[in-house]
Amino acid sequence: MLSWKALKTGTSRIWLHKRILVWLYLINVLFAAVLVLPFRNLVSEISKTDLSDDFVTGFHLDAFLDFWVEYMDSFQALGLAAVVLGGLYLLVSILLTGGIVATLADASRVTLRRFFTNAGRYFWRFLRVFVVMAIVIGGLLAANAQWVKPYVDSQKELVTTDRESFYWSAGNVGVVLLVASLVLMVFDYAKIRTVVERRRSVFFASLRGLAFVLRRPVRTVTLFFMNLGLLCAMFAVYLLIENRITASTLPMLIALFLLQQVFILGRIWMKLSFFSSQVALFQDAMAVEVVPVPQTPAPEESIRRRPGVAAGAVSHQPSAIG
Amino acid sequence: MHVIKGSRPSASPTCLMLPWILVFAPATAQNTMFEEPLSERVANYDIDVTLNDEAKRLHGTVYLNWNNPSDDRVGELFFHLYTNAFRNVKSTFVREGIIDRADWETGEPPSENPWRKDNGWGGMNVTKMTVNGQDVTERIVFAQPDDNNTDDRSVIYVPLSTAIAPRATARIEITYEMQIPQCKVRMGWWQDDFFMMAHWFPKIGVYEPPGMRLVPADAPSGRWNCHQFHAGTEFYSNFGEYNVRITLPEKYIVGTTGLIVEESLNGDGTKTLVAHAEDVHEFAWVADAQFLEVRDIWRSKTTQRTVDIRLLYQPGHELAADKYIDATQRSLDYVENWLGAGAYPYPNVTVVDPRSGSGAGGMEYPTLFTGGAFWWMDRLFGEGSRITEMVTIHEFMHQIWYGVVASNEFEEAWLDEGLTSYSDFRFGQAFYGERTSWVNWWGLTASGLLSARASYTTSRSRSDGAIADPSFSHWRSGIGYKMSYLKSNLMLMTLEHLLGRERFDNIMRTYYQRWKFRHPTRQDFVDVANEVAGENLDWFFDQLIEQTCSLDYAVAAIVNVPIDELDEGILTDALTLPPKVEDEGDEDGDDSDEGDEEAEGEEIHKSTVVFRRAGDMIFPMETLVEFSDGEILRDTWDGRDRVRKVTFTRKGKVVRAAIDPEHHVPLDINRLNNSLRIEENDTVTNKYTVKGFFWMQSLLQFFSLPG
């Protein structure tokens with residue numbers, strides 16, 4: 001399957017399971033709402049003063065300084081609460097990813113119960129995937145700090161213009177981001193293999209994820225960057241529109257709110273699109289078709305050959321089952 | 001500081017003029033900037049140096065004519081060897097500013113701090129010195145007048161066998177070698193072919209006769225003022241004339257203080273430049289093999305006098321080049337209008353865009369200053385960021401408050417930095433908008449006020465020192481910066497508001513005209529202010545310069561009580577913090593629909609506004625009270641009492657109260673408490689609630705990435 005076709009297939013599957021989109025959005029809203037009230041209370045402190053006039057049409061840093069100084073402790077407490085909440089949200093995301101991948105790999109319509117059953121089934125496995133991924137990315141950053149950055153710094157000292165210096169720094173950051181993105185992609189396939197192939201060993205699932213990418217580097221990377229490109233395009237469009245909304249009147253404020261929520265929905269859509277299109281690519285590449293996931297773990301009978309595919313097509317994957 | 005007093009007169013020694021005549025006569029004879037000297041010209045230098053760029057060494061000879069400005073017999077000389085600040089980690093400069101004090105005191109081995117590496121150090125060595133023909137080399141000793149750090153070699157002391165007679169000229173010849181340090185701060189080499197040459201020659205200290213600056217007029221004799229090189233503070237020197245001959249490889253493009261009057265190739269791959277400057281108190285030069293150059297001319301709109309602007313900039317900084325030139329042109333215009341025709345007296349100015357990473361940016365020398373530009377920033381923000389312009393304006397204005405009005409920056413840095421910071425704030429607002437002089441990008445705005453207030457108002461140590469404290473003595477803790485740059489700048493902004501712009505400008509103009517090409521003290525500034533303002537402002541300057549006061553006024557409470565329900569206890573409660581609003585009408589359940597508002601409008605309230613002085617500085621403040629019927633009452637409070645209660649009994653109620661409602665007093669460390677409204681600005685609350693909700697959603701999305 002071509003990357004483009006995988007993306008299309010993935011998109012159609014999201015439409016099929018669009019209720020996941022709604023659930024994920026609601027969870028996002030629910031979490032964000034936790035801090036809205038204290039944030040609003042904080043903002044209202046400046047709204048009781050004349051300094052608030054400096055924030056009606058823009059954001060005046062001079063005025064914000066006084067606000068920041070007076071409420072530094074509140075800002076810090078809010079920041080800490082946001083980090084804690086973010087950590088919880090990450091755990092919830094890890095929980096939900098099991099349900100998402102299982103649903104997107106499934107042909108039938110999803111129910112809330114089945115979604116959360118799958119989410120619970122894969123939670124601990126995906127948590128371990130996360131730990132492995134964190135170790136890999138941490139190692140990547142450590143390696144960059146230990147070897148790459150010193151080299152980049154030494155090159156920056158040799159170049160005679162800050163333009164070249166900027167290119168070196170930007171190049172370093174770009175490479176780290178690129179590699180980190182590819183690591184994320186590999187672990188996406190590890191999660192997909194964990195679900196589709198009912199793997200319990202996270203370590204081997206990760207290796208299999210890597211093997212899948214290494215065997216099909218063009219298709220997997222192209223697909224990944226097509227999704228990433230869409231995400232960036234969406235972000236750019238959002239910024240362009242948002243910058244034109246001053247939100248100084250109620251209609252404009254409503255317009256801003258709607259735009260922001262569309263953007264959040266779009267981001268969730270893109271998260272699903274990454275998984276959905278990668279699941280489609282994986283299923284096509286492995287020439288397997290997945291039947292609805294059973295309520296209890298099932299062995300290799302759950303995977304059957306697609307009609308017309310040669311028997312040997314999956315013969316190289318016996319260990320991938322169970 | 002350590003003070004060495006002068007002695008009584010003796011005979012003048014023989015002159016040895018031959019080296020001067022041989023080396024500099026052709027150049028100086030043809031080049032005279034000013035018909036009459038603008039300054040006293042105490043220290044006049046002819047310098048001949050050769051740069052070995054591969055070895056990073058400079059060697060040469062200084063021929064100094066030093067005119068004894070006093071009626072004393074001066075029996076010793078003091079010189080700055082500033083380069084020795086970069087000699088090793090033991091210098092006062094490095095100890096104060098770079099090396100962590102804990103490391104230094106525990107004697108831990110060198111850390112990753114680049115200052116602790118063995119490479120890149122420099123230093124200056126005087127190989128021979130004669131004074132009026134007498135060899136005094138053996139008499140040279142290092143002196144540490146400020147901190148007794150015997151490892152510091154940034155000052156030398158030379159006792160003379162024959163004292164210099166009153167008003168006589170001493171001819172001093174110094175042969176020296178200099179290992180140029182790697183440029184980390186202000187001066188040195190960078191990337192093999194960039195040289196920022198400041199503090200590159202032995203420089204005589206300032207002999208202050210009785211009556212000059214802080215030396216009492218009735219003192220028996222004058223004294224030397226020659227501080228060590230410190231981490232934060234800058235310099236102090238006599239004015240004079242400079243003729244400088246520099247020999248260096250042909251590939252370098254060179255900018256200097258003053259004018260380059262001659263340039264010739266030597267046929268051996270080197271070239272020699274001769275530069276000439278008059279009525280300056282420092283001489284710096286810069287050489288870079290990759291400089292690009294732009295020239296422009298500024299013409300006075302009133303006198304038609306011109307100033308040549310020469311910009312030396314880095315490849316890739318074409319956008320910044322336009323900013324440099326534009327900001328310099330605007331500054332020349334503004335300063336002429338502000339301080340008088342010819343306020344910038346020199347015929348040229350050289351603007352230097354130094355190498356990225358060299359640490360040479362943002363520094364001023366007479367008729368030459370270094371700026372700061374970032375390739376990526378100009379491309380990303382364009383004119384949305386004015387960093388390059390504001391640095392240019394700031395360094396240009398040092399030409400006035402450091403270059404022409406030459407205070408002692410070791411001791412009273414604020415007379416330069418404070419006045420310069422005030423100037424760049426004011427110029428920036430005039431050039432780029434009152435609220436947008438620093439940043440105007442995608443709805444984000446910031447003015448120069450932000451940079452002035454940010455570090456001062458947020459600092460818990462803002463009252464740990466006074467502006468009057470010697471700047472070098474508390475620079476390390478950061479207080480010196482806050483006092484010299486920030487508090488003094490805010491003080492001047494506040495003074496402008498207090499007196500009005502016209503009177504304030506008269507003060508600045510008079511101060512400039514009276515003290516140009518001289519060395520004023522803070523008392524001289526205060527005296528000018530009192531004289532020109534026509535009132536005694538000591539109460540203002542005492543609190544801000546001599547004492548550690550901080551200014552904070554607040555609206556503590558608004559209390560509206562229907563006249564028939566008055567309870568005086570509410571007013572007592574209102575004096576507590578945080579600011580509070582008591583609205584009995586609301587507590588009674590009166591919703592603010594139109595009908596109720598109308599009814600309230602007819603109801604008689606006893607309304608009390610409580611203003612509070614939260615800081616220890618006393619300053620008259622404007623107050624404003626707004627009523628529900630739209631009427632606004634303005635008043636001025638002398639600010640002396642800790643609390644001021646203002647009570648009104650009338651129809652309607654107070655809906656808003658403010659102190660310094662137009663934010664004319666930037667010294668106020670907390671402007672958030674300067675106003676209070678009984679109803680929130682819903683537009684802002686809703687807008688940022690919506691935005692905050694979205695930011696939270698986005699943050700959560702970000703957190704979920706690895707999930």
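This is a predicted model: local features need pLDDT of at least 70, side-chain atom pairs count only at pLDDT 80 or more; totals for chains, interfaces and linings use all residues.
Residues are numbered from 1 along each chain as its sequence is written, chains are lettered from A and ligands numbered from 1 in the order in which they are written, and side-chain values use heavy atoms, with hydrogens and water left out.

**Chain A**

I listed nine helices and three strands in chain A (DSSP runs numbered from the N terminus: H or I of at least four residues for helices, E of at least two for strands). Along the sequence they follow the pattern α-α-β-α-α-α-α-α-α-α-β-β. Of its 322 residues, 48% are buried, meaning under 20% relative accessible area with a 1.4 Å probe, protein chains only. I also checked contacts (heavy atoms within 4.5 Å): of those in chain A between residues at least 6 apart in sequence, 74% join residues at least 24 apart.

**Contact with chain B**

I found 77 residues of chain A and 62 residues of chain B in the contact. The buried area is about 6300 Å², with 61% given by carbon and sulfur atoms; it is the accessible area (1.4 Å probe) that the two parts lose on being put together, summed over both. On the chain A side, Asp50(A), Asp62(A) and Asp162(A) lose the most area to chain B, together 11% of what that side buries.

**Cavities**

I counted seven cavities of 30 Å³ or more. A cavity here is a set of points on a 1 Å grid over the protein atoms alone where a 1.4 Å probe fits but cannot get out; lining residues have an atom within 4 Å of a point. Points are joined across faces, edges and corners, and the volume is the space filled by probe spheres set on them. The largest cavity holds about 110 Å³. Its lining includes Tyr89(A), Lys271(A), Gln701(B) and Ser704(B). Six lining residues, the largest share, come from α4(A).

**Trp637(B)**

I placed Trp637(B) in strand β30 (residues 632-637) of chain B. Trp637(B) is buried, at 4% relative accessible area. Not counting residues up to four places away in sequence, Trp637(B) touches Thr623(B), Tyr553(B) and Ile659(B), among others.

Definitions and conventions
On a 1 Å grid over the protein atoms alone, a cavity is a set of points where a 1.4 Å probe fits but cannot get out, and a pocket is an open set with protein on both sides within 12 Å along at least five of seven lines; lining residues have an atom within 4 Å of a point. Buried means under 20% relative accessible area, exposed over 50%, partly exposed in between (1.4 Å probe, protein chains only).
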